[in-house]
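This briefing is meant for someone meeting the structure for the first time.

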Amino acid sequence: MAKVELKQPIVGEIKDLLDGAETAVVVDYRGITVAQDTELRKKLRDADVTYKVYKNTMIRFAAKGTAFEALDPSLEGPTAIAVSKTDATAPARILAEFAKTAPALEIKGGVVEGTYYDAKAMGQIASIPSREILLGKLLGSIQSPITNFARVLKQIADGQGGEAVEA
């Protein structure tokens, strides 16, 4: 069997992984222990993020013609890729948080919603809260004025109700 025939299923697997993905972040995982790697994989899996180690050439072939082709400058040395199809900031957020406890893990770059970001920019993206937290804050800010308005109306009603009873 030729080498190309052996590599095509792997390239196909990466294409399927990237198809419909919101985010792909590539990292250099050299220097992290097996225990740290296991912990990282669990955190990513809990957030519905796929994390795998592939050869750079395989990622290049699979990303060709897609927005993820922009990852090419980051594909040097040992590379692991974290891909999310649901939450655009989850891979960067989890990897950056984990890198604080495991400094050997280095974010090389990533593509978020079709735009390439280098390692520094990925750090800024990692600081964006999850969608659920942002929606909660939005709903809280919308609900606050309504609650205050209802409270004022109740006080007015209570105040007028008390006067009407005395009269």
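Which residues in H2 meet which residues in H4? In this predicted model, Gln36, Glu39, Leu40, Lys43 and Leu44 in H2 meet Ile94, Leu95, Phe98 and Thr101 in H4. The points below set this helix pair beside the sheet and the cores.

**The helix pair**

- Two packed helices are described by the angle between their axes and the distance between those axes.
- For H2 and H4 the packing angle is about 155 degrees, and their axes lie 10 Å apart.
- Because angles over 145 degrees count as roughly antiparallel, H2 and H4 are therefore roughly antiparallel to each other.
- The crossing in which H2 passes H4 is right-handed.

**The sheet**

- Five strands make up an open sheet in the order E2-E3-E1-E4-E5, and their pairing is antiparallel.
- Strand E2 (49-53) and strand E5 (115-118) stand at the edges with a single partner strand each, so one side of each has no neighbour in the sheet.
- On average, and with direction ignored, neighbouring strands of this sheet are turned by 20 degrees against each other.
- Strand E1 (residues 23-28) runs antiparallel to strand E3 (residues 80-84), to which five bridges join it, and Val27 stands opposite Ala80 in E3.
- E4 and E5 also pair in the antiparallel sense, over four bridges, with Val111 standing opposite Tyr116 in E5.
- Two residues lie between E4 and E5 in the hairpin that these strands form, and Glu113 in the turn has a positive phi of about 50 degrees.

**The nonpolar cores**

- The largest nonpolar core has 22 residues, and those with the most contacts inside this core are Val27, Leu40 and Leu95.
- The elements that give two or more residues to this core are E1, helix H2 (34-46), E2, E3, helix H4 (90-101), strand E4 (106-112) and helix H5 (119-126).
- H4 gives the most to this core, with five residues.
- Leaving aside neighbours within four places in sequence, Leu95 is in contact with Val25, Val27, Leu40, Leu44, Ala82, Leu105 and Ile107.
- There is also a second, separate core of 18 residues, which includes Ala24, Ile59, Phe68 and Val83.

**Where the topics join**

- Leu40 and Leu95, which are among the residues where H2 and H4 meet, are also among those with the most contacts inside the largest nonpolar core.
- Val27, which stands opposite Ala80 in E3, is likewise one of the residues with the most contacts inside that core.

Definitions and conventions: Residues numbered from 1 in each chain as written. Predicted model: local features only at pLDDT ≥ 70, side-chain atom pairs only at ≥ 80, totals over all residues. Heavy atoms only, no water. Pairing = 2+ DSSP bridges. Axes fitted to C-alpha atoms, helices over the stretch in contact; angles between N-to-C directions. Core = buried A, V, L, I, M, F, W, Y, C linked by side-chain atoms within 4.5 Å. Buried < 20%, exposed > 50% of the residue type's maximum accessible area, 1.4 Å probe, protein only. Contact = heavy atoms within 4.5 Å. Parallel < 35°, antiparallel > 145°, perpendicular 65-115°, else oblique. Left-handed = near helix turned anticlockwise from the far one by under 90°.
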